[in-house]
Amino acid sequence: MFLVTGATGDLGCSIVQQLCDQEILVRAFARLTSRYAQLEHRGAQIFIGDLTEKRDIEKACQGIQYIISTHSNPNDPLGVDYRSNIDLIDAAKANNVQHFVLISVLGTDRGYQDSPIFKAKREVEKYLESSGLNYTILRPSALASSLLPLAERFKQTGLYLLIGDAKNRTSVVSTDDIARIAIDSVFIEAANQKIIPVGGPEILAREDIYQIFSRVFNREAIVINLPLFLFDGLRGSLGLINSDLYQKLGTLRVLLGNEFFCTAEEIQNLEQLFSIKMESLESYIRRYLSS
Ligand SMILES: NC(=O)c1ccc[n+]([C@@H]2O[C@H](COP(=O)([O-])OP(=O)(O)OC[C@H]3O[C@@H](n4cnc5c(N)ncnc54)[C@H](OP(=O)(O)O)[C@@H]3O)[C@@H](O)[C@H]2O)c1
């Protein structure tokens, strides 16, 4: 049986659905406040708990062979992105779990000090690497599902807000593709003990993204391009009255100010390893929003 944490999130949900479609047993870790009815309806076993509670983690891991950790919480990187993953790895060891898949993020090894989430993910990666467990660490760039709200707004208004350099590159990955890769990681021997960058099939400049939206929804883009120094100024001013918020905006600052893309060679290796043809962002958006 699989345990999927973050099961009500975009990626977790896709993983649970694919497992249910393949009739593979899955336990979905969800908070009582989350929307999990659809997962239950698909056939997942729902485990109600909170990942900040070690006892919940220990209980959820009983009888589990494979764990896919997808959860994240920008409001509590120390408790959720870091500590709960450490507890999950310890519980995996205690329960002789056969394989642990961690969803990390591209760029964790670049030492971004401004982002608690990047730092937490790197520390968890290191802990997992030295745990003695079989593991696969997947480092995605941006998930296509996280662009759906922007695409939806574009569809209604034509508006696209772009903060920072429009030429910055990214390789947006279909959330359904990385879900499949996460599942297959436990079955493909060559994915064991590996850190794998995961991106879409094309390297996109950020300005390509609104052009894709334009094509899909057949409407002219109204682009508002704000320079990064405006974001920095606003963040600095907010920081004077709320230092917590200043810190929370650190991850967004890292994402806005840097490039996150996979090389053509990395994508080729990924496609070979998992026998998959990665889906383009345009195809993903059309599948979810073009009707
Ligand atoms: N989105 C991106 O572009 C991107 C890029 C690179 C890497 N990643 C990584 O990919 C993974 C999946 O991303 P996503 O966009 O699918 O995430 P998401 O939609 O934000 O989902 C986060 C999940 O974590 C759960 N969670 C948060 N705090 C919890 C707690 N205390 N106890 C139990 N569950 C808790 C949430 O539950 P609730 O439903 O209860 O809130 C939700 O199911 C994350 O690890 C993220 O860091 C994402």
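This report describes the sheet, a helix pair and the ligand surroundings in a predicted model.

The sheet is open and has 7 strands, arranged in the order β3-β2-β1-β4-β5-β6-β9 with parallel pairing. Its edge strands, β3 (45–48) and β9 (194–198), each pair on one side only. On average, neighbouring strands are turned by 20 degrees against each other, direction ignored. Helix α5 (residues 116–129) packs on this sheet and touches β5 (99–103), β6 (135–140) and β9. The direction of α5 makes about 165 degrees with that of β5. Within the sheet, β1 (residues 2–5) and β4 (residues 66–69) pair in the parallel sense over 4 bridges. V4 has I68 in β4 as its bridge partner.

Two packed helices are described by the angle between their axes and the distance between the axes. For helix α1 (residues 10–21) and helix α7 (residues 175–185), the axes come within 9 Å and cross at roughly 60 degrees. The two helices are therefore oblique to each other, and the crossing of α1 and α7 is right-handed. On the α1 side, the contact is made by D10, L11, S14, I15, Q18 and L19. On the α7 side, T175, D176, I178, A179, R180, A182 and I183 take part.

There are 23 residues around the ligand, of which G6, T8, G9, L11 and L51 come nearest. Helix α1 supplies the largest share of this shell, 3 residues.

Conventions. Residues are numbered from 1 along each chain as its sequence is written. This is a predicted model: local features need pLDDT of at least 70, side-chain atom pairs count only at pLDDT 80 or more; totals for chains, interfaces and linings use all residues. Axes are lines fitted to C-alpha atoms, for helices over the stretch in contact, and angles run from 0 to 180 degrees between N-to-C directions. Angles under 35 degrees count as roughly parallel, over 145 as roughly antiparallel, 65 to 115 as roughly perpendicular and the rest as oblique. A crossing is left-handed if the near helix is turned anticlockwise from the far one by less than a right angle, and right-handed if clockwise. Two residues are in contact if their C-beta atoms, placed from the backbone, lie within 7 Å. A residue is near a molecule or strand if its C-beta atom, placed from the backbone, lies within 6 Å of it. Two strands pair if DSSP finds at least two bridges between them.
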